[in-house]
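Thanks for coming, everyone. Let me put the structure up, and then we'll walk through it.

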There are 2 protein chains.
Amino acid sequence: MNAVPPGGTIGILGGGQLGRMLALAAARLGLKTHIYSPETDAPAFQVSSARTCASFDDKSALEAFAAACDAVTFEFENVPTRTVDIISASRPVFPSAATLAITQDRLQEKGFVAKLDLGTAPFWNIESSYDARNAFANIGAPSVLKTRRMGYDGKGQMKISAAEDAVRGFKDFGSVPCILEGFVDFAFEASVVAARGIDGAFAAYDPPENVHRDHILRRSIVPSRLTEAQADEAKAIAKKIADALDYVGVLAVELFVTKDALLVNEIAPRVHNSGHWTIEACVVSQFEQHIRAVAGWPLGDPARHSDAVMDNLIGAEADDWRGLAAGGGGLHLYGKSESRPGRKMGHVTYLRPKSA
Amino acid sequence: MNAVPPGGTIGILGGGQLGRMLALAAARLGLKTHIYSPETDAPAFQVSSARTCASFDDKSALEAFAAACDAVTFEFENVPTRTVDIISASRPVFPSAATLAITQDRLQEKGFVAKLDLGTAPFWNIESSYDARNAFANIGAPSVLKTRRMGYDGKGQMKISAAEDAVRGFKDFGSVPCILEGFVDFAFEASVVAARGIDGAFAAYDPPENVHRDHILRRSIVPSRLTEAQADEAKAIAKKIADALDYVGVLAVELFVTKDALLVNEIAPRVHNSGHWTIEACVVSQFEQHIRAVAGWPLGDPARHSDAVMDNLIGAEADDWRGLAAGGGGLHLYGKSESRPGRKMGHVTYLRPKSA
């Protein structure tokens, strides 16, 4: 693919806060964006050059959208692969449909990670009550039952401590394909946000330490408690995954950090909440980095000039925008009209002089 | 005025790169923007929530625009005061029409500065050939003839070394009102970019040193060669001016730095090219700071975490976007369709660890 020059248009499937911040980053580079979202009040519509409001299975809308773009990407990993196939017929889509197929299915993803000889929690496929019992017999307690598809922010997850729990959970999830994962007794969680260019160039940001509450990311901290060797290992894990996927764009690899090892928890084929601090702490943010990769531009320098702490603003926490604006941090509000419990409404990043 | 809450709309008169970067900054805060520009391909249209393409004397378009906004500002100081008057009838406009009246006329501006007991080049009003001769007799050589209104980037300026030059220049400028200014033999140029809130709060960024070529800003450097005492004095000058104007928003004061003094060259009642480095080197940029002031929000911290050098990309210099993107700086391209000689097409900011 030739690079998309300034003035060209990047199409983005999905119009939430990630699409919005991607659009803002593209604008810095003189690139236009075209947002495709089924939601009439998609936050990213407010900052894009062009908008299509249509469902992800509207073939003619997708074809017209593709025709109006030079390259297409997405802000969420649950884009239907059929949607990507329709667009791919006429325009490059990054990351690829093949990557989506792997990352949309926890079994495929775990299998892919294991095949790369990377550490992961033990896991077992479940497609029946028999499988559920069998899985528990193999994985044991405590373990976590997860639907193979469409889970995020803890949705479609359940802690399991007996075989009967696993069977009941499987049924409660509507008997859709699941996996049972061994519960990892981690010291803390970390992630690597990294980019790979069309030319295979690779650039990883320093891995943040992540704090979750109720399965939702609350805080990311850089530098993390990872040793330098662990941080290097984390980046190497991301590179191995990106190379194996022939990946183009930004990806995030969520890690469990145990006493002995870094275990891959999840791969997110997109910009990631744990990389928001890069807007303030790096010259080229994860959003710009993703746009650069997708547009075929050289990647930016992922070095950070400062330490950073990023706090998510969930639900009503963003209501005190005045106090937050006065608090010395970099405040980001996502333009969502309605604040609901658990909904990500914004975030704020605090910088400190670089310590390590 | 009550603060404009997230979800509210800031109207911006003018749709060039400054309006564009204001719109991007507003979006960070969850504010919508409505751009008003007579140019069909205004760069800021690409990133705003709403657009009006109409002339600045279209009363009904201006009234509809005002009705759609919660507060209104502008990106260039030559907005007709009648335009501001029409909008002010129904919506707050910051900075005020009174400020514009002063800063749009070099004679008024110089008189205002002198009345504040701030240093400035000697100046003389010219409205006739007689005045021109008289002005030269008083100011002497070398001096600079400037039209009182509508000058920018060196347009409407001429160096004068004899009385006849002054008379001819005045006629060449169409016999419009001019001033003759004594030429200042400065060591270097600097500027203060500062904000004043509706509540009178004041926040100044560290003053950059500015390098011009052919009257166009080429480079801004922070820290500048100003001593700490001079930097404080520069900020105090900006505060004195802002307070006297009961100013709301970001303003820039351009300074000549001589052996003995800081002399006020010009006041720009808007975000300023010499403040672009604040996007990378501060948590809250001049653009966000201006939006905060205009929306009645608390001002952000103007502290910088890094040293910075900002280079403008003029005309064809932006054509090498690929090399610039690979150069380790923060690249900004303005989305202008056509590159013309002397046209500001973008800028790039390079950071260094903070030295002073």
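Some ground rules. This is a predicted model, where local features need pLDDT of at least 70 and side-chain atom pairs count only at pLDDT 80 or more, while totals for chains, interfaces and linings use all residues. Residues are numbered from 1 along each chain as its sequence is written, and chains are lettered from A, ligands numbered from 1, in the order in which they are written.

Strand β2 of chain A covers residues 32-37, and pairs with β3(A) in the parallel sense over 4 bridges. Two strands pair if DSSP finds at least two bridges between them. Helices (H or I, at least four residues) and strands (E, at least two) are DSSP runs, numbered from the N terminus.

Now the whole sheet. It is open, with 4 strands in chain A, ordered β3-β2-β1-β4, and the pairing is parallel.

Over to chain B. P38(B) sits in the loop between β2 (32-37) and β3 (50-53). Buried, exposed or in between? P38(B) has 15 C-beta neighbours inside 10 Å, so it counts as partly exposed. The cut-offs: buried means 20 or more other C-beta atoms within 10 Å of a residue's own, exposed means 12 or fewer, partly exposed lies in between, and C-beta atoms are placed from the backbone. Beyond four places in sequence, P38(B) is in contact (C-beta atoms, placed from the backbone, within 7 Å) with C53(B), A54(B), S55(B) and F56(B).

Last stop, helix α1 of chain B, residues 17-28. How many of its residues are buried? The count is 12 of 12. The cover includes α1 (17-28) and β16 (330-333) of chain A, along with β1 (9-13), β2, α10 (286-294) and β17 (344-353) of chain B. After α1(B) comes G30(B), with a positive phi near 80 degrees.

Key: Two residues are in contact if their C-beta atoms, placed from the backbone, lie within 7 Å.
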